[in-house]
Amino acid sequence: SAISISLAEIIKKVDANMIKVEGGGFTMGCSDVKDTSSFYWEKPAHKVVVSTFYLCKYPVTQKEWQAIVGDKPWFSKDCPDCPVENVSWYDAQVFINKLNQLTGKFYRLPTEAEWEYAARGGSKSLNYKYAGSNDVSIVAWYSANSAKASHPVGMKLPNELGLYDMSGNVWQWCGDWFEEKYYEVSPTENPLGPRSDAYRSCRGGSWWSEAKDCRVSNRDRYPPDAPDDDVGFRLAHE
């Protein structure tokens with residue numbers, strides 16, 4: 001049927017959009033002492049090494065969500081190529097589990113360390129403040145240019161790895177729990193975040209955010225059962 005064809009096409013496209021992020025070391029967190037826009041939970045800046053993994057070029061879109069899960073959680077406009085939003089961390093797991101059942105693959109959310117390493121451009125990093133530029137407006141939909149709504153993915157410039165919308169458009173869930181002082185105790189190799197907490201980590205800023213919230217080192221958190229109209233996610237796998 002038409003529906004199963006479009007589902008097959010969508011699954012194929014998701015797979016084709018996965019970008020290989022070569023592993024390596026980087027300084028995670030905010031190391032710019034003069035940067036007054038940073039928050040204390042971005043410090044201390046510390047060395048982290050991540051293994052090679054894959055990350056999707058774009059956040060998961062409304063049409064992908066609908067094809068896999070079948071409902072329409074978003075309450076902004078119907079916009080098939082906009083990022084899915086208004087999905088909790090647990091909702092993201094439902095999508096991922098269904099996708100994994102359909103594909104036999106092991107998609108997951110990126111860890112916070114993987115997300116930041118990729119946002120910074122991985123081994124090709126040019127040390128930008130935002131993902132792909134020091135000029136937020138060319139890489140991100142944020143409060144000053146979004147007209148208070150999300151936009152179709154991939155409309156702004158990509159970062160060094162070819163990843164789009166890592167800054168702005170929608171916040172993106174990460175796999176980790178969020179702990180304000182985790183950076184003080186974080187292991188160097190593939191950190192996975194604290195064992196448990198009240199919140200899950202989110203990255204990237206959104207259409208609602210000020211520029212400072214779209215910086216690559218910025219962190220935020222939401223309760224895992226709380227959807228929000230500017231929070232979505234993107235897929236990773238080994």
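Tutor: Helices (H or I, at least four residues) and strands (E, at least two) are DSSP runs, numbered from the N terminus. N127 is found in the loop between α4 (112-119) and α5 (136-139). This is a predicted model, where local features need pLDDT of at least 70 and side-chain atom pairs count only at pLDDT 80 or more, while totals for chains, interfaces and linings use all residues. Residues are numbered from 1 along each chain as its sequence is written, and side-chain values use heavy atoms, with hydrogens and water left out.

Student: Why does N127 count as exposed?

Tutor: Exposed means over 50% relative accessible area, buried under 20%, and partly exposed in between (1.4 Å probe, protein chains only). The relative accessibility of N127 is 65%, so N127 counts as exposed.

Student: Why does N86 count as buried?

Tutor: N86 has 15% relative accessibility, and therefore counts as buried. N86 sits in the loop between α2 (62-68) and α3 (89-103).

Student: What is the phi of N86, a residue other than glycine?

Tutor: Phi of N86 is positive, near 60°. N127, also not a glycine, has a positive phi of about 60°.

Student: What joins K43 and P44?

Tutor: A cis peptide bond, with omega about -5°. P44 lies in the loop between β2 (24-28) and β3 (46-50).

Student: Which residues line the largest cavity, and what are their classes?

Tutor: The lining consists of V14, C56, Y58, P59, V60, E64, R234 and L235. Ala, Val, Leu, Ile, Met, Phe, Trp, Tyr, Cys and Pro count as nonpolar, Asp, Glu, Lys and Arg as charged, and the others, Gly among them, as polar. By these classes the lining of the largest cavity has six nonpolar, no polar and two charged residues. A cavity is a set of points on a 1 Å grid over the protein atoms alone where a 1.4 Å probe fits but cannot get out, and lining residues have an atom within 4 Å of a point.

Definitions and conventions. On a 1 Å grid over the protein atoms alone, a cavity is a set of points where a 1.4 Å probe fits but cannot get out, and a pocket is an open set with protein on both sides within 12 Å along at least five of seven lines; lining residues have an atom within 4 Å of a point.
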